[in-house]
Amino acid sequence: MYDRVYNFSAGPSMLPLPVLEKVKEDLLNYQGSGQSVMEMSHRSASFKKIAEEAEADLRELMEIPENYKVLFLQGGGTLQFSMVPLNLLRNSKKADYCITGTWAKKAYKEACKFGDIKVIASSEEDTFTWVPKFGKEDVRPDADYVYITTNNTIYGTAYNYVPETGDIPLVADMSSNILSEPVDVSKFGIIWAGAQKNVGPAGVTIVIIREDLIGYAPKEVPTYLDYKIHDENDSMYNTPPCFSLYVAGEVFKHIKETGGLAAMQQRNRAKAEKMYDYIDSSSLYKCPVAKEDRSLMNVVFVTGDADLDKKFVAEAKAEGLVNLAGHRSIGGMRASIYNAMPMEGIDALIEFMKKFEEENK
Ligand SMILES: Cc1ncc(COP(=O)(O)O)c(C=O)c1O
């Protein structure tokens, strides 16, 4: 009806169509206010309600315990690479990182500027095609926190377990799989995520933080980088990313209306299984990722011939299946099938893959 493509981009990526339609409907005159959310004061009653409902809906969806604060910040995922160490290196100034891809490595490098940071596990030797298992025995007993990236957007891997770290807070970058399935928030000290995959437009970053971890940033830390200032001001210390937060709020409502995270997990599993089953049965495509660590969100595959991969991406694009090129650092193909990708998109992609395989035997 709208002539839209199936967009397999790793982020920013597809948003649910009903949310886009709602945003369109509200665009010029948000619920009788005579203005769009983009033009609205963030101190207005209308916007306050938007922000409060977004937080309440996220809390309900993720069953966030009362002793956790929800912050809506800016700076993307990348700013969290420094905010986390600046706020959490509070005693020994030691932190332990598990390196499962480019984003984890960037987080590690940033943290190294601020403390004694140790790599406790890594799959880099195998081009990050699997996720290491580690537990409490691998963590320094006086570490201030342990850091993981639950879904590795570029390499198509995901943790299939939550590492046990005892009393040491576990910090998780969930940028590319937040809201894709239920998680036990109480197992984490901080969960954070940029919006532009499962949450909404780029611009807002969600930080879910256990309240006893707030308040340790040294006084030299720039005001904006202290979680405490955002907590004390209900994420309104300065102008928040109003429009992104509003759309994120609409996405939360949509997820609630479509069965919450348990239903989302079922749909995501069904979509990913269909993709992996087809790839594993094909003689042209290969998924390099260990079966037990495959991501439900980012499906990477190759033909083994870089020129053929390029041809695949170009021909798929011509059929309305766009953004299938792998990350520029590894090549091949990557189908990002976040929450908003419908099963019809998976079916269309598989149909194209079969045709391409037939034509390029
Ligand atoms: C897992 C993960 N972490 C962090 C980032 C960086 O986020 P941002 O571009 O919002 O800084 C990305 C970006 O794709 C990501 O996939």
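This is a predicted model: local features need pLDDT of at least 70, side-chain atom pairs count only at pLDDT 80 or more; totals for chains, interfaces and linings use all residues.
1. **Around the ligand.** There are 13 residues around the ligand, and G77, T78, T153, D173 and K197 come nearest. As for where the shell comes from, helix α3 (residues 76-88) gives the largest share, with four residues.

2. Have a look at the side chains here. T78 puts a polar side-chain atom 2.5 Å from an oxygen atom of the ligand. T153 has a side-chain N or O atom 2.5 Å from a ligand oxygen, and for K197 a polar side-chain atom sits 2.8 Å from an oxygen atom of the ligand. On its own the ligand has 390 Å² of accessible area, and the protein covers 85% of that.

3. **Cysteines.** If you're wondering about disulfides, the whole structure has zero. A pair would need its sulfur atoms within 2.5 Å. The C112 sulfur is 14 Å from the closest cysteine sulfur, which is in C98, so that is too far for a bond. The C287 sulfur also has C98 as its closest cysteine partner, but at 19 Å, again too far for a bond. C112 is partly exposed at 33% relative accessible area, while C287 is buried at 12%.

4. L27 lies in the loop between α1 (17-26) and α2 (45-62), and its 32% relative accessibility makes L27 partly exposed.

Note on methods. Residues are numbered from 1 along each chain as its sequence is written. Side-chain values use heavy atoms; hydrogens and water are left out. Buried means under 20% relative accessible area, exposed over 50%, partly exposed in between (1.4 Å probe, protein chains only). Helices (H or I, at least four residues) and strands (E, at least two) are DSSP runs, numbered from the N terminus. A residue is near a molecule or strand if one of its heavy atoms lies within 4 Å of it. A polar contact is a pair of N or O atoms within 3.5 Å; within protein, one must be able to donate a hydrogen and the other to accept it, and residues adjacent in sequence count only if both atoms are side-chain atoms. Accessible areas come from the Shrake-Rupley method with a 1.4 Å probe; for residues, only the protein chains shown count as cover.
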